Amino acid sequence: MTSPELELLAERVRTAARGMARSSSAVRDDALRLAADLLDQEWPALVQANQSDLERAGAADMAEAAQDRLRLTEVRVHAMAEGLRKVAALPDPVGEITEGWVRPNGLRVSRVRVPLGVIGIIYESRPNVTADAGALCLKSGNAAILRGGSESRHSSAALHACLTAGLAAAALPAGCLQLVPTRDRAAVGYLLSGMSEYLDVIVPRGGKSLVERVRREARVPVIGHLEGNCHVYIDRDADVRMARSIALNAKMRRTGICGAAETLLIDAGCVGTHLAPIVRDLLDAGCEVRGDATVRASDPRVIAAREEDWYTEYLDAVIAARVVAGIDAAIAHIAHYGSAHTESIVTDNAATAERFLQRVDSAIVLHNASTQFADGAEFGMGAEIGISTDRFHARGPVGLEQLVSYKYLVRGSGQVRA
């Protein structure tokens, strides 16, 4: 796709965005429900399209965890459809008055939420982003340009067709959701640096190299995260059965998602009771454990951790494990090595839990729960475009409220300023 072709696509989206901003919540919700019905009906075709992508991934020796991110099944397609319906059922943020006041001179000021405009979304091998991101952008009155990875091009095209059919059936602007129809990496560069007059914000969703490139080259604001180096800290006052369950789930439920635990920290005060069974559970489940000397002593299958392991987002069945001298040492480790994504403490001590919750400076901090809950849908947000580790403008799951800005409406009765 050439630069003029991308500009034409972007101009269509920009025009459609003005129509989307004027559309009613009821119409946007209808479009999402109609698209959901199509996903349910067309799941065999969607899975078949996905199979083409999986075959190419297998031929390219893509890692199994990455193939899992790419894979669509009947269950996952129906879950996407249900996600669209959940987004449709959420309160519409557009037009909400978040605050209002009256000045001494009688001017009535109100702050009202409005769409961001045109959102560019660049993502890699997860085709579900096409549905999730499209749904959130549409519900919040935005238009979007989607640029999926070449690994998922057949899957994303099939999902996009269902979404745009829902838009057409609801009589929404046809151009408000565009999928860049090219595998040419040059298109990404042009989206980032050559289309600032058409895009209002860019959201990258993918690996560290993609997000770093977007932040480096983008000429419009970026909402994104670099990586998910997530931690689970097992405190000396943790119930051992709960600790085993959470540690295993946080790492092994799905190893290729950004909320998967990458480092396990265990309080020195519970090494004798908690360390060996937790490490054994992980090893028996097929996880490679890279540990310090104390962790290695708990099981001969543990291999030695290196300094770089504490920084690493594996996105695979690998975890780094270390014994620390209590909660303050755990907090210090997370502050030094972490990526400010998601951290969890397992403890029955309420004061210790509160210390962790307040002092760990990450986008998501959990108590007695798996890091795999780091997901907008699990938070009741319907879906998410991603998990942001930024501080401005959004942090944590990026849902509807993070896809709107605001403007001030001022109503007077003839006031003039002295």
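Colleague: Is Asp361 buried or exposed, or does it fall in between?
Modeller: This is a predicted model in which local features need pLDDT of at least 70 and side-chain atom pairs count only at pLDDT 80 or more, while totals for chains, interfaces and linings use all residues. Residues are numbered from 1 along each chain as its sequence is written, and side-chain values use heavy atoms, with hydrogens and water left out. Buried means under 20% relative accessible area and exposed over 50%, with partly exposed in between (1.4 Å probe, protein chains only). Because its relative accessible area is 45%, Asp361 counts as partly exposed.

Colleague: With which residue does Asp361 form a salt bridge?
Modeller: A salt bridge here is a side-chain nitrogen of Lys or Arg within 4 Å of a carboxyl oxygen of Asp or Glu, and the closest N and O atoms of the Asp361 pair are 3.1 Å apart. The pair links distant parts of the chain, 34 residues apart, with Asp361 in the loop between helix H14 (350-359) and strand E13 and its partner in the loop between E14 and E15; helices (H or I, at least four residues) and strands (E, at least two) are DSSP runs, numbered from the N terminus. That partner has 30% relative accessibility and therefore counts as partly exposed; the residue is Arg395.

Colleague: How many residues apart are Arg113 and Glu401?
Modeller: Their side chains meet in a salt bridge, with N to O at 3.7 Å. Arg113 lies in strand E2 (residues 108-115), whereas Glu401 lies in the loop between strand E15 (396-397) and strand E16 (404-411). Arg113, at 18% relative accessibility, counts as buried, while Glu401, at 48%, counts as partly exposed.

Colleague: Where do the buried residues of helix H5 sit around its axis?
Modeller: The buried residues of H5 are Val77, Met80, Ala81, Gly83, Leu84, Val87 and Ala88. They cover an arc of only 150° (taken over the directions from the helix axis to the C-beta atoms), so they lie on the same side of H5.

Colleague: Which helices are included in what covers those residues of H5?
Modeller: The face turned away from the buried side of H5 carries the exposed residues Val75 and Ala89. Cover is judged by contact, meaning heavy atoms within 4.5 Å, and what covers the buried residues includes helices H2 (25-41), H3 (43-59), H6 (128-139) and H7 (153-169).

Colleague: How is Glu384 placed, and what is its relative accessible area?
Modeller: Glu384 lies in the loop between strand E13 (364-367) and strand E14 (387-388). Not counting residues up to four places away in sequence, Glu384 touches Asp132, Leu136, Arg205, Ala374, Asp375, Gly376, Pro397 and Val398. Glu384 is buried, with a relative accessible area of 4%.

Colleague: What percentage of the residues of the protein chain count as buried?
Modeller: The protein chain has 14 helices and 16 strands, and its C-alpha atoms fill a box of roughly 75 × 65 × 35 Å along the principal axes. Among its contacts with a separation of 6 or more, 72% are between residues 24 or more positions apart. Of the 418 residues, the share that counts as buried is 53%.
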